[in-house]
Amino acid sequence: MQSLRYASILLLIVGCTKKPPTEAPREIKLYQNWELQPGQVVGGHAVVSGLGDLSIALKGDAVYAPFDGRVQPHNSSCVIFSSEEIPVYLFRLCGLRSLNFGFLSAGDTIGSGKELQIAVLTRQPDGRWALVEPSKKIIEQMLLR
């Protein structure tokens, strides 16, 4: 009976543990070059947003994939969501926990958190990425399942 209890607890722990990302962080060369970027540290404090980031109070709610796409690590506090449906755009999402990395279907949970910092980037002809204004419609798709 005791061993069954321990096995049940172990299954709960393993079953609730998120897998770490299995791929290297995706590097992005920004068109707008600022000294401080989300994920860096300044004066002993983490930079959580920057130029072009929109901050949204999630209050613990989830963020959902707006399209079929892929979640990749970016830095210690941010991930990149990309989709073949809109190949010239990337979404940089910072501040989320319980992340689901890899390929997701539209409506799958990317992660959740207290606050989301989101930046939308578009590919430039020289291969760098430029920050652009986020679409309200797409952000609503990410917040409402």
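I began with a definition: a disulfide is a pair of cysteine sulfur atoms within 2.5 Å.

**Entry: the model**
I noted that this is a predicted model, where local features need pLDDT of at least 70 and side-chain atom pairs count only at pLDDT 80 or more, while totals for chains, interfaces and linings use all residues. Residues are numbered from 1 along each chain as its sequence is written, and side-chain values use heavy atoms, with hydrogens and water left out.

**Entry: disulfide**
I searched the whole structure and found 1 disulfide. C78 is joined to C94, with 2.0 Å from S to S. C78 sits in strand β6 (residues 78–82) and C94 in strand β7 (residues 89–94), so the pair, 16 residues apart, links distant parts of the chain. The torsion about the S-S bond of C78 and C94 is about 100 degrees, so I wrote the disulfide down as right-handed. Both C78 and C94 are buried (buried means under 20% relative accessible area, exposed over 50%, partly exposed in between, with a 1.4 Å probe and protein chains only).

**Entry: chain**
I looked up the secondary structure and got 2 helices and 11 strands (DSSP runs numbered from the N terminus: helices are H or I with at least four residues, strands are E with at least two). Of the 145 residues in the protein chain, 36% are buried.

**Entry: salt bridges**
I found 3 salt bridges in the structure (a side-chain nitrogen of Lys or Arg within 4 Å of a carboxyl oxygen of Asp or Glu).

- R70 pairs with E23, the closest N and O atoms being 2.5 Å apart. R70 is in strand β5 and E23 in the loop between α1 (2–16) and β1 (41–42), 47 residues apart. R70 counts as partly exposed at 28% relative accessibility, and E23 counts as partly exposed at 25%.
- R92 pairs with D53, the closest N and O atoms being 3.1 Å apart. R92 is in strand β7 and D53 in the loop between β2 (45–46) and β3 (54–57), 39 residues apart. R92 and D53 are buried.
- R128 pairs with D126 at 2.8 Å, N to O. R128 is partly exposed at 29%, and D126 is partly exposed at 46%.

**Entry: charge patch**
I noted a patch of negative charge on the surface, where D68, E84, E85 and D108 gather. Patch residues have over 30% relative accessible area and no salt bridge, with like charges joined within 9 Å and nonpolar side chains (Val, Leu, Ile, Met, Phe, Trp, Tyr) within 5 Å. Asp and Glu count as negative. D68 lies in the loop between β4 (62–64) and β5 (69–75), and at 43% relative accessibility D68 counts as partly exposed.

Definitions and conventions
Accessible areas come from the Shrake-Rupley method with a 1.4 Å probe; for residues, only the protein chains shown count as cover. The place of a charge is taken as NZ of Lys, CZ of Arg, CG of Asp or CD of Glu.
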